[in-house]
Amino acid sequence: MKHKLEYLIILFFIKILCILPEKTRFKIAEFFAVAGYKFIKKRRIITLANLKMAFPDKSQKEIEKIALDSYKIMSKAFLSSLWFEDYLNEEGKVTVENMDILDRAYAKGKGVIVACMHMGNMEASLKVAQKYHIVTVAKKQRNPYLDRLITKNREKVNITLLKKSKRTSRELMEHIKKKDIIALFSDHRDKGATVNFFGETTVSPTGAVFLALRNDLPLILTFNILNPDNTCTTKIVEEIKMIKTGNFKKDVQSNTQLLIDKMEKIISQYPEQWMWFHDRWRLSKKIK
């Protein structure tokens, strides 16, 4: 009963929100962002600690501006997912740069692995689903009603959304056999390889690198920028030239670090676009 009531309240909020002009919706997202930054102390402390660690040469004022801008961008990205299909389909709302990189990789006839980042309007990369079928993975929501709603909305835009479980690896292999494009977020903290990221030791998921190496698939790096006018630019960066020595375990480690190094450079170039409130380096344990 609790989950159903929660679902109905959220559904009511979505319907009211979508009556408003889009510009107003994004203003509401900014309001939530500022409120969250001010009143959720734990996340604000983690955000500022992450930024100070990553950019020790920046002033406190610069750090705080990046932090608040990041909150606003993440809030807008989350809220716009409520009208996700319309956002993707509106002319000029999402621009994809360097589509030819993905086209060439897909033309090899093997399928493609895409490493994504928590930047900008993160899901806008799915704009390419208007041309190619995309397979991705997400955690199952605790609320089953919300989980079904999210899955239904995503599958409207030509994607298959797999739920993270013990079966995920097997399901991904089935899609690799179909030569699909598999998009996986690869910049968050998760079980995997130990890496150096902004000068600190942490762990990173190896899924994208593992699948690309094991199945000899092209690995593409991509990220998103949310522009000041709330349009989005999806940047397909490159097909990564993988390190292949014949030692699979070491190659997974080396290529995960290679991928993280490339991501670090992108984040350094667009720091306000990244999701800094995630406890990426477990700094919360060091903060008293």
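Is arginine 104 buried or exposed? Select arginine 104: with a relative accessible area of 51%, this residue is exposed (buried means under 20% relative accessible area, exposed over 50%, partly exposed in between, using a 1.4 Å probe and protein chains only).

Before moving on, a word on what is loaded: this is a predicted model, in which local features need pLDDT of at least 70, side-chain atom pairs count only at pLDDT 80 or more, and totals for chains, interfaces and linings use all residues. Residues are numbered from 1 along each chain as its sequence is written, and side-chain values use heavy atoms, leaving out hydrogens and water.

**Around helix H6**

(Helices, H or I of at least four residues, and strands, E of at least two, are DSSP runs numbered from the N terminus.) Aspartate 100 is partly exposed, at 37%.

Next, pick aspartate 103 and lysine 131, whose side chains meet in a salt bridge of 3.0 Å, N to O. This pair links distant parts of the chain, 28 residues apart: aspartate 103 is in helix H6, lysine 131 in the loop between strand E2 (112-116) and strand E3 (134-138).

Now select lysine 164 and aspartate 190, another salt bridge at 3.0 Å, N to O. For a network of salt bridges, show Glu22, Glu90 and Lys93.

**Inside**

Turn to Phe198, Leu219 and Trp276, which touch the most other members of the largest nonpolar core, a set of 48 residues (buried Ala, Val, Leu, Ile, Met, Phe, Trp, Tyr and Cys residues joined through side-chain atoms within 4.5 Å). Helix H10 (residues 248-269) gives this core its largest share, six residues. Apart from it lies another core of 34 residues, including Leu79 and Ile159.

Then find threonine 233 in strand E9 (residues 232-239). Threonine 233 is buried, at 12%.

**Colour by confidence**

Finally, colour by pLDDT, the predictor's confidence in each residue, from 0 to 100. The chain averages 92. Where pLDDT is low, the predicted coordinates should not be read in detail.

Definitions and conventions
Salt bridge = Lys/Arg side-chain N within 4 Å of Asp/Glu carboxyl O.
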